[in-house]
Amino acid sequence: MTDRILPYIAAVICMVSAAAGCEQANVYSDVDFRVTLDPSNTYRVGDPVVFNIDGNPDNLLFYSGEDGHEYRYKDRYQTSVDNVDSVLLFLQIQHRSGIVNDGNTELKIYCNADFEGLKGVESEDRPLVESMIEEADASADASIKGWTRIPYDKPDREQDVYDTVLVKFTDNSIIAENFCLAFYWDTPEFADAPDKSNLIMDTFYVNGDLTVYYPGGVEMTYSLNSMMGTVFMLDNRFKSWTGNRLGTPYYYNGGNGTIRLDAQQDIVFAGGNYMDNVTTPDVADDGIPFWCRGWIFSAPRPFLNIEPDQPEVVKNLQNRMSSFEYTYGEPGAFKVTFVGANENYQGSSSKVQEFTLNIVPPVVQVPDKE
(Lines give C-alpha, C1' and ligand atoms only; values in the text may rest on other atoms or scores of the structure.)
Protein backbone atom coordinates (compact mmCIF):
# COMPACT_ATOMS: atom_id res chain seq x y z
CA MET A 1 0.00 0.00 0.00
CA THR A 2 2.74 2.41 0.93
CA ASP A 3 4.60 1.64 -2.27
CA ARG A 4 1.54 2.66 -4.29
CA ILE A 5 0.83 5.93 -2.41
CA LEU A 6 4.32 7.39 -2.66
CA PRO A 7 4.61 7.33 -6.45
CA TYR A 8 1.06 8.84 -6.66
CA ILE A 9 1.96 11.70 -4.31
CA ALA A 10 5.16 12.35 -6.25
CA ALA A 11 3.21 12.50 -9.50
CA VAL A 12 0.72 14.99 -8.06
CA ILE A 13 3.57 17.18 -6.78
CA CYS A 14 5.17 17.16 -10.21
CA MET A 15 1.88 18.07 -11.87
CA VAL A 16 1.27 20.96 -9.44
CA SER A 17 4.83 22.20 -9.88
CA ALA A 18 4.52 22.06 -13.64
CA ALA A 19 1.22 23.92 -13.54
CA ALA A 20 2.67 26.58 -11.24
CA GLY A 21 5.65 26.97 -13.52
CA CYS A 22 3.39 27.39 -16.55
CA GLU A 23 1.19 29.96 -14.74
CA GLN A 24 4.27 31.88 -13.61
CA ALA A 25 5.48 32.19 -17.16
CA ASN A 26 2.15 33.73 -18.28
CA VAL A 27 1.87 36.25 -15.43
CA TYR A 28 4.70 38.56 -16.44
CA SER A 29 7.19 39.02 -19.23
CA ASP A 30 9.38 41.97 -20.18
CA VAL A 31 7.79 44.30 -22.68
CA ASP A 32 8.85 43.66 -26.26
CA PHE A 33 7.25 45.48 -29.17
CA ARG A 34 8.10 47.12 -32.46
CA VAL A 35 6.25 49.88 -34.30
CA THR A 36 6.81 50.35 -38.02
CA LEU A 37 5.48 52.84 -40.53
CA ASP A 38 3.10 51.41 -43.06
CA PRO A 39 4.41 51.57 -46.67
CA SER A 40 1.12 53.12 -47.83
CA ASN A 41 1.58 56.31 -45.80
CA THR A 42 1.53 59.59 -47.75
CA TYR A 43 2.50 61.83 -44.78
CA ARG A 44 0.21 64.60 -45.97
CA VAL A 45 -2.02 66.79 -43.83
CA GLY A 46 -5.43 65.15 -43.59
CA ASP A 47 -4.24 61.68 -44.60
CA PRO A 48 -4.00 59.07 -41.82
CA VAL A 49 -0.54 57.91 -40.82
CA VAL A 50 -0.67 54.18 -40.15
CA PHE A 51 1.63 52.63 -37.54
CA ASN A 52 1.93 48.83 -37.53
CA ILE A 53 2.34 47.28 -34.07
CA ASP A 54 4.12 44.01 -33.45
CA GLY A 55 4.81 42.57 -30.00
CA ASN A 56 3.30 42.15 -26.56
CA PRO A 57 2.93 45.51 -24.73
CA ASP A 58 0.16 45.41 -22.13
CA ASN A 59 -0.09 49.18 -22.43
CA LEU A 60 0.96 51.44 -25.30
CA LEU A 61 0.94 55.25 -25.27
CA PHE A 62 1.32 57.59 -28.24
CA TYR A 63 2.77 61.13 -28.21
CA SER A 64 2.08 62.81 -31.57
CA GLY A 65 4.83 65.43 -31.20
CA GLU A 66 2.33 68.30 -31.60
CA ASP A 67 2.04 71.14 -29.06
CA GLY A 68 0.69 69.71 -25.82
CA HIS A 69 1.59 66.15 -26.84
CA GLU A 70 5.38 65.96 -26.72
CA TYR A 71 7.11 63.16 -24.84
CA ARG A 72 9.89 65.46 -23.62
CA TYR A 73 7.30 67.42 -21.61
CA LYS A 74 5.58 64.45 -19.97
CA ASP A 75 6.92 65.41 -16.52
CA ARG A 76 6.85 69.19 -16.89
CA TYR A 77 4.84 71.03 -14.24
CA GLN A 78 6.51 74.45 -14.41
CA THR A 79 7.89 76.49 -17.26
CA SER A 80 9.66 79.82 -17.81
CA VAL A 81 8.10 83.13 -18.72
CA ASP A 82 9.83 82.88 -22.11
CA ASN A 83 7.28 80.20 -23.02
CA VAL A 84 4.27 82.40 -22.20
CA ASP A 85 2.26 83.82 -25.09
CA SER A 86 0.10 86.21 -23.08
CA VAL A 87 -1.45 86.92 -19.67
CA LEU A 88 -5.05 88.06 -19.32
CA LEU A 89 -6.92 89.32 -16.24
CA PHE A 90 -10.70 89.15 -16.52
CA LEU A 91 -12.96 90.75 -13.88
CA GLN A 92 -16.69 91.28 -13.59
CA ILE A 93 -17.65 93.83 -10.94
CA GLN A 94 -21.07 94.81 -9.65
CA HIS A 95 -21.29 98.03 -7.63
CA ARG A 96 -24.32 96.68 -5.86
CA SER A 97 -25.15 99.33 -3.29
CA GLY A 98 -23.93 102.59 -1.80
CA ILE A 99 -24.59 106.31 -1.69
CA VAL A 100 -26.08 107.56 -4.96
CA ASN A 101 -24.15 110.26 -6.83
CA ASP A 102 -21.45 110.59 -4.19
CA GLY A 103 -18.83 111.16 -6.89
CA ASN A 104 -16.33 108.70 -5.42
CA THR A 105 -14.73 105.50 -6.66
CA GLU A 106 -14.89 103.12 -3.72
CA LEU A 107 -13.00 100.17 -5.15
CA LYS A 108 -9.44 100.53 -6.41
CA ILE A 109 -7.53 97.65 -8.00
CA TYR A 110 -3.75 97.27 -8.23
CA CYS A 111 -1.18 94.69 -9.28
CA ASN A 112 2.50 94.27 -8.48
CA ALA A 113 5.22 92.06 -9.98
CA ASP A 114 7.36 91.62 -6.87
CA PHE A 115 5.29 92.28 -3.74
CA GLU A 116 6.48 90.18 -0.80
CA GLY A 117 3.11 90.11 0.92
CA LEU A 118 1.91 91.05 4.38
CA LYS A 119 3.62 89.59 7.43
CA GLY A 120 0.50 88.80 9.42
CA VAL A 121 1.76 91.07 12.22
CA GLU A 122 -0.31 94.24 12.65
CA SER A 123 2.55 96.40 13.87
CA GLU A 124 4.41 95.71 10.63
CA ASP A 125 1.51 95.54 8.19
CA ARG A 126 -0.49 98.61 9.26
CA PRO A 127 2.24 101.19 8.43
CA LEU A 128 2.65 99.55 5.02
CA VAL A 129 -1.01 99.57 3.99
CA GLU A 130 -1.61 103.05 5.43
CA SER A 131 1.38 104.45 3.56
CA MET A 132 -0.04 102.94 0.35
CA ILE A 133 -3.32 104.75 0.97
CA GLU A 134 -1.60 108.06 1.70
CA GLU A 135 0.40 107.78 -1.50
CA ALA A 136 -2.71 106.98 -3.54
CA ASP A 137 -4.66 109.87 -1.99
CA ALA A 138 -1.83 112.28 -2.71
CA SER A 139 -1.63 111.46 -6.43
CA ALA A 140 -4.07 112.64 -9.05
CA ASP A 141 -4.53 109.16 -10.50
CA ALA A 142 -4.37 107.21 -7.22
CA SER A 143 -1.05 105.67 -8.26
CA ILE A 144 1.21 103.87 -5.77
CA LYS A 145 4.92 103.35 -6.33
CA GLY A 146 5.65 99.80 -7.43
CA TRP A 147 1.99 99.11 -8.17
CA THR A 148 0.06 99.41 -11.42
CA ARG A 149 -3.49 100.60 -11.08
CA ILE A 150 -6.05 98.63 -13.07
CA PRO A 151 -8.69 100.97 -14.51
CA TYR A 152 -12.11 100.67 -12.87
CA ASP A 153 -14.34 103.68 -12.28
CA LYS A 154 -17.92 103.09 -11.23
CA PRO A 155 -18.84 105.81 -8.73
CA ASP A 156 -22.57 105.11 -8.62
CA ARG A 157 -24.34 101.91 -7.72
CA GLU A 158 -26.16 99.83 -10.31
CA GLN A 159 -27.62 96.74 -8.71
CA ASP A 160 -27.51 93.46 -10.66
CA VAL A 161 -25.34 95.00 -13.40
CA TYR A 162 -21.81 93.69 -13.87
CA ASP A 163 -19.12 95.77 -15.54
CA THR A 164 -16.26 93.96 -17.28
CA VAL A 165 -12.62 94.81 -16.67
CA LEU A 166 -10.25 93.14 -19.12
CA VAL A 167 -6.47 93.59 -18.89
CA LYS A 168 -3.91 92.05 -21.25
CA PHE A 169 -0.53 92.65 -19.67
CA THR A 170 2.09 94.15 -21.97
CA ASP A 171 4.94 92.46 -20.11
CA ASN A 172 4.50 88.75 -19.35
CA SER A 173 7.30 88.84 -16.78
CA ILE A 174 4.82 90.37 -14.32
CA ILE A 175 3.82 86.80 -13.35
CA ALA A 176 7.37 85.41 -13.17
CA GLU A 177 8.11 85.83 -9.44
CA ASN A 178 5.74 87.43 -6.94
CA PHE A 179 2.68 88.57 -8.84
CA CYS A 180 0.11 90.10 -6.50
CA LEU A 181 -3.36 91.49 -7.11
CA ALA A 182 -4.76 93.92 -4.51
CA PHE A 183 -8.21 95.45 -3.97
CA TYR A 184 -8.66 98.55 -1.81
CA TRP A 185 -12.21 98.94 -0.48
CA ASP A 186 -12.27 102.71 0.00
CA THR A 187 -15.65 103.46 1.55
CA PRO A 188 -15.76 107.22 2.30
CA GLU A 189 -16.02 108.45 5.88
CA PHE A 190 -19.15 110.54 6.37
CA ALA A 191 -18.86 112.58 9.53
CA ASP A 192 -22.62 112.56 10.05
CA ALA A 193 -23.10 108.90 9.31
CA PRO A 194 -24.09 107.96 12.87
CA ASP A 195 -26.91 110.52 12.70
CA LYS A 196 -28.04 109.50 9.21
CA SER A 197 -28.80 105.83 9.51
CA ASN A 198 -30.04 105.67 5.91
CA LEU A 199 -26.47 105.99 4.63
CA ILE A 200 -25.29 102.69 3.19
CA MET A 201 -21.71 101.56 2.78
CA ASP A 202 -20.76 100.49 -0.72
CA THR A 203 -21.06 96.82 -1.59
CA PHE A 204 -19.24 95.19 -4.50
CA TYR A 205 -19.52 91.74 -6.03
CA VAL A 206 -16.39 90.66 -7.89
CA ASN A 207 -15.80 87.59 -10.06
CA GLY A 208 -12.83 86.87 -12.28
CA ASP A 209 -9.76 84.90 -13.19
CA LEU A 210 -6.19 85.16 -14.40
CA THR A 211 -5.34 83.13 -17.51
CA VAL A 212 -1.84 82.36 -18.76
CA TYR A 213 -1.70 81.32 -22.41
CA TYR A 214 1.00 79.07 -23.87
CA PRO A 215 1.74 78.02 -27.47
CA GLY A 216 -0.49 75.44 -29.09
CA GLY A 217 -3.65 76.48 -27.28
CA VAL A 218 -2.43 75.41 -23.83
CA GLU A 219 -3.72 77.63 -21.04
CA MET A 220 -3.80 77.72 -17.25
CA THR A 221 -6.64 79.59 -15.52
CA TYR A 222 -6.71 80.64 -11.86
CA SER A 223 -9.96 81.78 -10.27
CA LEU A 224 -9.87 85.04 -8.36
CA ASN A 225 -11.17 83.33 -5.23
CA SER A 226 -8.36 80.75 -5.25
CA MET A 227 -5.72 83.47 -5.59
CA MET A 228 -6.73 85.56 -2.61
CA GLY A 229 -4.52 85.62 0.47
CA THR A 230 -4.71 88.28 3.21
CA VAL A 231 -7.30 90.81 4.36
CA PHE A 232 -6.44 93.91 6.37
CA MET A 233 -9.23 96.19 7.69
CA LEU A 234 -8.10 99.70 8.61
CA ASP A 235 -10.57 101.09 11.17
CA ASN A 236 -9.38 100.21 14.67
CA ARG A 237 -13.01 99.96 15.78
CA PHE A 238 -13.28 96.90 13.55
CA LYS A 239 -11.11 94.94 16.00
CA SER A 240 -13.47 95.58 18.94
CA TRP A 241 -16.65 95.08 16.93
CA THR A 242 -18.79 92.30 18.40
CA GLY A 243 -19.04 90.66 14.99
CA ASN A 244 -15.25 90.25 14.79
CA ARG A 245 -14.73 86.87 16.43
CA LEU A 246 -10.94 87.10 16.23
CA GLY A 247 -10.49 90.72 17.26
CA THR A 248 -7.90 91.37 14.54
CA PRO A 249 -7.75 93.50 11.37
CA TYR A 250 -7.22 90.29 9.40
CA TYR A 251 -10.74 89.00 10.06
CA TYR A 252 -12.96 88.19 7.05
CA ASN A 253 -16.09 86.19 6.16
CA GLY A 254 -18.05 87.90 8.94
CA GLY A 255 -21.06 89.06 6.94
CA ASN A 256 -21.88 92.74 6.43
CA GLY A 257 -18.98 95.00 7.28
CA THR A 258 -16.36 92.48 6.16
CA ILE A 259 -14.65 91.21 3.03
CA ARG A 260 -16.05 87.81 2.15
CA LEU A 261 -14.58 84.86 0.28
CA ASP A 262 -17.36 82.45 1.28
CA ALA A 263 -20.15 83.75 -0.96
CA GLN A 264 -21.30 82.68 -4.41
CA GLN A 265 -19.08 85.40 -5.88
CA ASP A 266 -15.29 85.23 -5.81
CA ILE A 267 -15.01 88.27 -3.53
CA VAL A 268 -17.75 90.26 -1.81
CA PHE A 269 -17.03 93.63 -0.24
CA ALA A 270 -20.08 93.50 2.02
CA GLY A 271 -21.21 96.92 3.12
CA GLY A 272 -24.30 97.70 5.18
CA ASN A 273 -26.10 100.42 7.12
CA TYR A 274 -24.09 102.69 9.36
CA MET A 275 -24.73 102.48 13.09
CA ASP A 276 -28.51 102.00 13.05
CA ASN A 277 -30.06 99.69 10.49
CA VAL A 278 -33.25 101.31 9.17
CA THR A 279 -34.62 97.92 8.14
CA THR A 280 -34.95 96.99 11.83
CA PRO A 281 -36.50 100.12 13.46
CA ASP A 282 -37.29 98.31 16.72
CA VAL A 283 -33.62 97.51 17.35
CA ALA A 284 -31.31 100.42 18.23
CA ASP A 285 -27.69 100.73 17.05
CA ASP A 286 -27.67 97.43 15.21
CA GLY A 287 -25.79 98.71 12.19
CA ILE A 288 -22.06 98.75 11.47
CA PRO A 289 -20.11 100.90 13.97
CA PHE A 290 -16.96 101.40 11.87
CA TRP A 291 -15.88 102.50 8.42
CA CYS A 292 -15.68 99.69 5.90
CA ARG A 293 -12.21 100.35 4.60
CA GLY A 294 -9.69 97.65 3.94
CA TRP A 295 -7.40 95.74 1.63
CA ILE A 296 -7.38 92.22 0.28
CA PHE A 297 -4.19 90.91 -1.32
CA SER A 298 -3.70 87.80 -3.41
CA ALA A 299 -0.95 85.49 -2.20
CA PRO A 300 2.24 86.66 -4.02
CA ARG A 301 3.56 83.87 -6.23
CA PRO A 302 4.68 83.03 -9.77
CA PHE A 303 2.01 81.84 -12.18
CA LEU A 304 4.08 79.56 -14.38
CA ASN A 305 2.51 76.21 -13.60
CA ILE A 306 1.64 74.14 -16.64
CA GLU A 307 0.02 70.77 -17.17
CA PRO A 308 2.40 68.07 -18.45
CA ASP A 309 1.92 67.02 -22.07
CA GLN A 310 -0.57 64.21 -22.47
CA PRO A 311 -0.38 61.04 -24.58
CA GLU A 312 -3.13 59.13 -26.33
CA VAL A 313 -3.78 55.59 -25.08
CA VAL A 314 -3.30 53.24 -28.03
CA LYS A 315 -3.91 49.97 -26.19
CA ASN A 316 -4.27 48.42 -22.76
CA LEU A 317 -4.89 44.94 -21.39
CA GLN A 318 -8.50 45.07 -22.55
CA ASN A 319 -7.76 45.44 -26.25
CA ARG A 320 -5.41 44.01 -28.82
CA MET A 321 -4.18 46.08 -31.75
CA SER A 322 -1.99 45.35 -34.73
CA SER A 323 -2.10 48.89 -36.14
CA PHE A 324 -2.91 52.45 -35.14
CA GLU A 325 -3.86 55.49 -37.23
CA TYR A 326 -3.34 59.19 -36.54
CA THR A 327 -4.13 62.22 -38.73
CA TYR A 328 -2.22 65.49 -38.53
CA GLY A 329 -4.03 68.75 -39.15
CA GLU A 330 -0.97 70.93 -39.74
CA PRO A 331 2.27 70.42 -41.67
CA GLY A 332 5.63 70.27 -39.92
CA ALA A 333 8.28 68.01 -38.44
CA PHE A 334 6.93 66.00 -35.49
CA LYS A 335 8.83 63.75 -33.11
CA VAL A 336 6.51 60.80 -32.54
CA THR A 337 7.00 58.65 -29.44
CA PHE A 338 5.48 55.31 -28.48
CA VAL A 339 5.86 54.12 -24.89
CA GLY A 340 5.07 50.49 -24.17
CA ALA A 341 4.91 49.00 -20.68
CA ASN A 342 4.22 45.74 -18.87
CA GLU A 343 3.67 45.88 -15.13
CA ASN A 344 2.22 43.80 -12.32
CA TYR A 345 3.14 42.60 -8.85
CA GLN A 346 6.01 40.50 -10.20
CA GLY A 347 7.82 43.26 -12.06
CA SER A 348 7.70 46.06 -14.60
CA SER A 349 9.47 47.09 -17.76
CA SER A 350 9.04 49.78 -20.39
CA LYS A 351 10.35 50.61 -23.82
CA VAL A 352 10.38 53.84 -25.84
CA GLN A 353 10.40 54.01 -29.63
CA GLU A 354 10.58 57.29 -31.57
CA PHE A 355 10.13 58.49 -35.15
CA THR A 356 10.50 61.87 -36.80
CA LEU A 357 7.70 62.50 -39.28
CA ASN A 358 7.69 65.27 -41.85
CA ILE A 359 4.07 66.06 -42.60
CA VAL A 360 3.64 68.01 -45.83
CA PRO A 361 0.74 70.22 -46.93
CA PRO A 362 -2.11 68.53 -48.78
CA VAL A 363 -2.15 68.39 -52.55
CA VAL A 364 -4.01 71.39 -53.96
CA GLN A 365 -6.20 70.58 -56.92
CA VAL A 366 -5.97 73.26 -59.56
CA PRO A 367 -9.17 73.47 -61.62
CA ASP A 368 -8.84 72.96 -65.35
CA LYS A 369 -9.12 76.02 -67.53
CA GLU A 370 -12.32 76.22 -69.48
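The model I am reading is a predicted one.

**Entry 1: the partner of E122**

Which residue forms a salt bridge with E122? I found K239, with the closest N and O atoms 3.0 Å apart. I then checked where the two residues sit. E122 belongs to helix 2 (residues 122–138) and K239 to helix 4 (residues 237–240), so this pair ties together parts that are 117 residues apart in sequence. K239 has a relative accessible area of 25%, so I noted K239 as partly exposed.

**Entry 2: along helix 2**

I moved on to E130 and R126, whose side chains meet in a salt bridge at 3.3 Å, N to O. Both are in helix 2 and are four residues apart, which means that about one helical turn separates E130 from R126. Is R126 buried or exposed? I read a relative accessible area of 10% for R126, and buried means under 20%, so R126 is buried. E130 is at 32% relative accessibility and therefore counts as partly exposed. I also noted that salt bridges with shared partners join E122, R126, E130 and K239 into one network.

**Entry 3: other salt bridges**

I looked up the total for the structure, and the number of salt bridges is 15. One of them is between the side chains of K74 and D75, at 2.7 Å from N to O. For K74 I wrote down a relative accessible area of 29%, which makes K74 partly exposed. D75 is at 53% relative accessibility, and exposed means over 50%, so D75 counts as exposed.

**Entry 4**

I counted four helices and 18 strands in the chain. I picked out an open sheet in which three strands follow the order 1-2-16, with antiparallel pairing. Why is one side of strand 1 left without a neighbour in the sheet? Strand 1 (33–37) stands at an edge with a single partner strand, and strand 16 (323–327) does so too, so one side of each has no neighbour there. From one strand to the next, the twist averages 25°. I then followed strand 1 to strand 2 (residues 48–55): the two run antiparallel and are joined by five bridges. V35 has I53, in strand 2, as its bridge partner.

**Entry 4: I267**

I found I267 in strand 13 (residues 267–269). Its relative accessibility is 0%, so I267 counts as buried. I listed its contacts, leaving aside neighbours within four places in sequence; among them are F183, F204, L224, M228 and I259. I267 and M228 are 39 residues apart in sequence, and their C-alpha atoms are 8.8 Å apart in space.

**Entry 5: cysteines**

How many disulfides are there? I got a count of zero. For C180, the nearest cysteine sulfur is that of C111, 9.0 Å away. C180 is at 0% relative accessibility and therefore counts as buried. C292 is also at 0%, so I marked C292 as buried.

**Entry 6: the whole chain**

The chain has 370 residues, and 41% of them are buried. Its accessible surface comes to about 20,300 Å², and 49% of that belongs to carbon and sulfur atoms. Of the contacts between residues at least 6 apart in sequence, 75% join residues at least 24 apart.

Definitions and conventions
Residues are numbered from 1 along each chain as its sequence is written. This is a predicted model: local features need pLDDT of at least 70, side-chain atom pairs count only at pLDDT 80 or more; totals for chains, interfaces and linings use all residues. Side-chain values use heavy atoms; hydrogens and water are left out. Two strands pair if DSSP finds at least two bridges between them. Axes are lines fitted to C-alpha atoms, for helices over the stretch in contact, and angles run from 0 to 180 degrees between N-to-C directions. Buried means under 20% relative accessible area, exposed over 50%, partly exposed in between (1.4 Å probe, protein chains only). Contact means heavy atoms within 4.5 Å. Accessible areas come from the Shrake-Rupley method with a 1.4 Å probe; for residues, only the protein chains shown count as cover. A disulfide is a pair of cysteine sulfur atoms within 2.5 Å. A salt bridge is a side-chain nitrogen of Lys or Arg within 4 Å of a carboxyl oxygen of Asp or Glu.
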